[in-house]
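Walk through this chain with me, from a surface patch to a sheet and then to the charged pairs. Keep the viewer open.

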Amino acid sequence: MSQDYNNPAFKKLLKKLQEESWQLELLISGFAIFGLFTIFEPITNSTLEAKNSQQIYKFVISLVAQISCAILIFNLLLHVLLRGLWIGALGLRYVSGDIDYEELNYSEKFTKYLKKKVGSFDRYIGTLENYCSIIFAISFLLIFYVLALTFTIIFIALIANYIIDSDWLPGWASKGIGIPLMLFVVIGMIITFIDFVTLGFLKKKKWISKIYFPIYWVFSFVTLSFLYRPLVYNFLDHKFGRRLSLILVPFYLLILVLTSVSYQNSNYINANVNSSDIMANLENYEDQLITNKNFTGNVTIQSKTITDPYLNVFMIFSENIEDRVFNFNPTLKPKEDIRGLHSDIEFNTSFNQSKNDSLRREYLKTFNTIYSVKIDSIPFSSEFVLSQNFKNELGFETYLNLDSISEGKHLLKVDRMRIRKGDTTQWIVDRIPFWYFKD
């Protein structure tokens, strides 16, 4: 079929498909909107969970998926609305025909004005058709733009992590290759973005285009633009398409600003404030998390009101905790860091279980050295062990004996040691108030 694009029969088929494409557009939009609304909340929750547990890879993937879903939902809803208006206009034209300005019997001034500004009803239907077709096409094109930006940022991160900060390359090579490559990518990204927002201005000037061409060629692979380039240029060579793009971009920015607006009803009180001696945030209490299904805080206890003779303290695991353990105990840092994305398929199943257990014990010992626990001013032995909470989140758990604690309000204090410029200081992790009453 791709070899017959000049065939008159093929062109006739394309024309027929264009005329009937609105049915496919509505069908695809309907199914897509239903599916997008179904998965939007789970993707949003995944983004927040990844942010809360500091999983950078999962966060980036979830955030890109969330942005893409939001773009598609807005554009496809707008498309369905306009396409419905277009179908209604077609039905009205069948009944009433074109606009008869003489039948309206308006004054000569209004009749001339309306003929100039409103014009033919057929022109209105044609304009609606153009808007619907372009909005439907640009909906999926915008997803590619989001992916292009994501791949560019990932490419910059890869250069920084695997070339400039590389351990396997000598210093002169990592800096001599990495820094020029980083400058090329960052400057190239800015230049490519300028060309994008100016609708190809850098391609129009002869001497500038010669300088820009190598950058354009490299970024066509970095952003995968070679996959959707025909769609872009077919969109930009149409005056109506260019004009619509200039309208939509600021409109998206306006929506972004409006969705970030919230009403603040107090100068001092805010529900998002972290727990302290004067604030009890529900993210730190397991019974509240079960009821409200919110996200777990860094440290949790079983409830605000404690009637048990013990306090259950759970600290959620994050990659930052492991970095701190390596910082305090460099002997635990492996030669090859296996953190990050990986496959569950393993070809080498041999391992030394006793060695792994001893390393885990040393890991846990270092963790207990770094982190300390107090209730009010009374220090407790932080004998944390590896565990999972009620949400199956991995972390560290310990139980504190409350026999020596009086009834009433108390404050759990979790601190950690921090090495800064060669000095070791105490750093606040969490403050959680609770009320203890003997059962």
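Helices here (H or I, at least four residues) and strands (E, at least two) are DSSP runs, numbered from the N terminus. The model is predicted: local features need pLDDT of at least 70, side-chain atom pairs count only at pLDDT 80 or more, and totals for chains, interfaces and linings use all residues. Residues are numbered from 1 along each chain as its sequence is written, and side-chain values use heavy atoms, with hydrogens and water left out.

Stay with the patch. Its members are Ile 56, Tyr 57, Phe 151, Ile 154, Leu 158, Tyr 162, Phe 213, Trp 217, Phe 221, Leu 224, Phe 226 and Leu 227. Together they have about 1,200 Å² of accessible area. Accessible areas come from the Shrake-Rupley method with a 1.4 Å probe; for residues, only the protein chains shown count as cover. Patches are made of residues with over 30% relative accessible area and no salt bridge; like charges are joined within 9 Å, and nonpolar side chains (Val, Leu, Ile, Met, Phe, Trp, Tyr) within 5 Å. Helix H2 (56-96), helix H5 (121-164) and helix H8 (206-222) each supply at least two residues. Trp 217 lies in H8.

Now zoom out. The chain has 13 helices and nine strands. Its accessible surface comes to about 29,200 Å², and 62% of that belongs to carbon and sulfur atoms. Of its 439 residues, 33% count as buried. Buried means under 20% relative accessible area, exposed over 50%, partly exposed in between (1.4 Å probe, protein chains only). Take the contacts (heavy atoms within 4.5 Å). Among those between residues at least 6 apart in sequence, 61% join residues at least 24 apart.

Next, the sheet. Four strands form an open sheet in the order S1-S3-S7-S6, with antiparallel pairing. S1 and strand S6 (385-388) stand at the edges, each with a single partner strand, so one side of each has no neighbour in the sheet. Two strands count as paired if DSSP finds at least two bridges between them. S1 and strand S3 (residues 310-316) are joined by two bridges. Val 299 has Met 315 in S3 as its bridge partner, and Thr 300 has Phe 314. On to strand S7 (residues 394-401): seven bridges join it to S3, and the two run antiparallel. How many of the seven residues of S3 are buried? Six are, so S3 is largely enclosed by the rest of the structure.

Phe 295 sits in the loop between helix H11 (286-292) and strand S1 (299-300). At 24% relative accessibility, Phe 295 is partly exposed. Leaving aside residues up to four places away in sequence, Phe 295 touches Asn 45, Leu 48, Glu 49, Asn 52, Glu 283, Leu 289 and Lys 391. The C-alpha atoms of Phe 295 and Glu 283 are 6.2 Å apart, at a separation of 12 residues along the chain.

Helix H12 (residues 319-328) has Ile 321, Glu 322, Val 325 and Phe 326 as its buried residues. They cover an arc of only 140° around the axis, which puts them on the same side of H12. That arc is taken from the directions from the helix axis to the C-beta atoms.

Finally, the charged pairs. A salt bridge is a side-chain nitrogen of Lys or Arg within 4 Å of a carboxyl oxygen of Asp or Glu. By this rule there are seven. Glu 108 pairs with Lys 112, with the closest N and O atoms 3.1 Å apart. Being four residues apart in helix H4 (residues 108-117), Glu 108 and Lys 112 are separated by about one helical turn. Both are exposed. Asp 195 and Lys 203 pair with their closest N and O atoms 2.5 Å apart. Asp 195 is buried at 4% relative accessibility, whereas Lys 203 is partly exposed at 35%. Arg 431 and Asp 415 also meet in a salt bridge (2.9 Å, N to O). This pair links distant parts of the chain, 16 residues apart: Arg 431 in strand S9 (residues 423-436) and Asp 415 in strand S8 (residues 408-420). Arg 431 is buried, with a relative accessible area of 16%, and Asp 415 is buried at 11%. Glu 25, Arg 83 and Glu 129 are linked in a network of salt bridges.
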